[in-house]
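Please open the model in the viewer and keep the sequence at hand.

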Amino acid sequence: MLVDAHQHFWRLADRDGAWPPPGLSAIYRDFLPDDLAHLLDRHGVARTVLVQSMPNEDDTRFMLDLARQHPFIGGVVGWVDMKAPGAAARIAALAADPMLKGLRPMLQDLEDDDWIADAALAPAVAAMQRHRLSFDALVLPRHLPALSAFAARHPDLPIVIDHGAKPLIVHGVMEPWRGDIARLAAMPHVYCKLSGLVTEAGPGWDVDRLRPYVAHLLASFGPQRLIWGSDWPVLNLAADYAGWIAACAALLDGLDEPDRHAVFGLNARRFYRID
């Protein structure tokens with residue numbers, strides 16, 4: 001069963017001028033389940049993980065409501081202010097909905113690169129663990145040392161790095177991203193998403209430009225902790241659904257069939273507890 005472990009829905013009217021800006025015409029419109037369903041059918045994708053794109057609980061409730069209406073949504077990764085005094089109670093309230101599978105603070109947009117390393121997150125993390133929630137890390141390469149400190153402090157919290165931590169593919173930069181990724185991958189509770197890389201690769205990207213980065217992710221996490229996702233509709237800025245699936249098939253061509261099944265679906269089902 002193919003699982004797209006990273007996709008978004010949004011309504012511009014709800015975003016009050018937040019990203020995306022009008023200049024990104026390919027994604028400056030509403031994106032709702034009917035826009036994605038035909039692509040899933042065409043490519044044999046049975047379930048998706050719907051991921052937050054706004055730092056507010058209204059967005060999380062909007063996604064949970066969609067998940068109840070559309071069976072292809074296998075789970076939701078939402079948002080809570082994890083440092084707020086009432087964070088544990090807020091997490092408990094949202095987790096009453098079994099479709100909530102995880103939380104994602106938008107770390108790449110925060111001014112403090114070390115926000116994630118703060119021990120003040122402990123009560124929220126404890127609440128996440130009580131309710132069997134995972135943690136999506138939306139980070140850039142500069143956040144990886146702080147994420148390592150967070151991951152080491154919470155070895156029982158399942159963590160997945162979104163978009164391979166957005167390496168600087170367009171500039172061909174590997175370090176310090178390569179070493180930081182390897183250190184995180186040494187912790188068995190840390191996973192990584194094979195998603196979002198084409199938007200980091202720049203115009204005219206091809207599989208060869210992506211290959212050294214994907215090879216390092218695969219060597220670091222192995223096929224049992226690498227999780228495929230589309231990052232649709234942000235994907236539309238650089239490619240399309242068919243093109244990304246074809247690129248990933250080429251990049252993972254050396255894997256045997258069981259390992260390919262793991263990356264393209266089984267790992268997401270296990271990580272997010274998708275039936």
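Begin by selecting Phe 264, which counts as buried because its relative accessibility is 10% (buried means under 20% relative accessible area with a 1.4 Å probe, protein chains only). The model is predicted: local features need pLDDT of at least 70, side-chain atom pairs count only at pLDDT 80 or more, and totals for chains, interfaces and linings use all residues. Residues are numbered from 1 along each chain as its sequence is written, and side-chain values use heavy atoms, without hydrogens and water.

Next, display the aromatic pairs, of which the structure holds 11. Rings of Phe, Tyr and Trp (its six-membered ring) pair if their centres lie within 6.5 Å; planes under 30 degrees apart count as stacked, over 60 as edge-to-face and the rest as tilted. Select Phe 9 and Trp 232: their ring centres are 6.1 Å apart and their planes stand at 80°, so this pair is edge-to-face. Both Phe 9 and Trp 232 are buried.

Trp 228 is buried, its relative accessible area being 0%.

Now extend the selection from Phe 9 and Trp 232 to Trp 10, Trp 19, Phe 31 and Phe 72, which together form one aromatic cluster.

Finally, select Pro 167, which is buried at 1% relative accessibility. Leaving aside neighbours within four places in sequence, Pro 167 is in contact with Pro 141, Trp 177, Leu 197, Glu 200 and Tyr 213 (contact means heavy atoms within 4.5 Å).

Methods
Buried means under 20% relative accessible area, exposed over 50%, partly exposed in between (1.4 Å probe, protein chains only).
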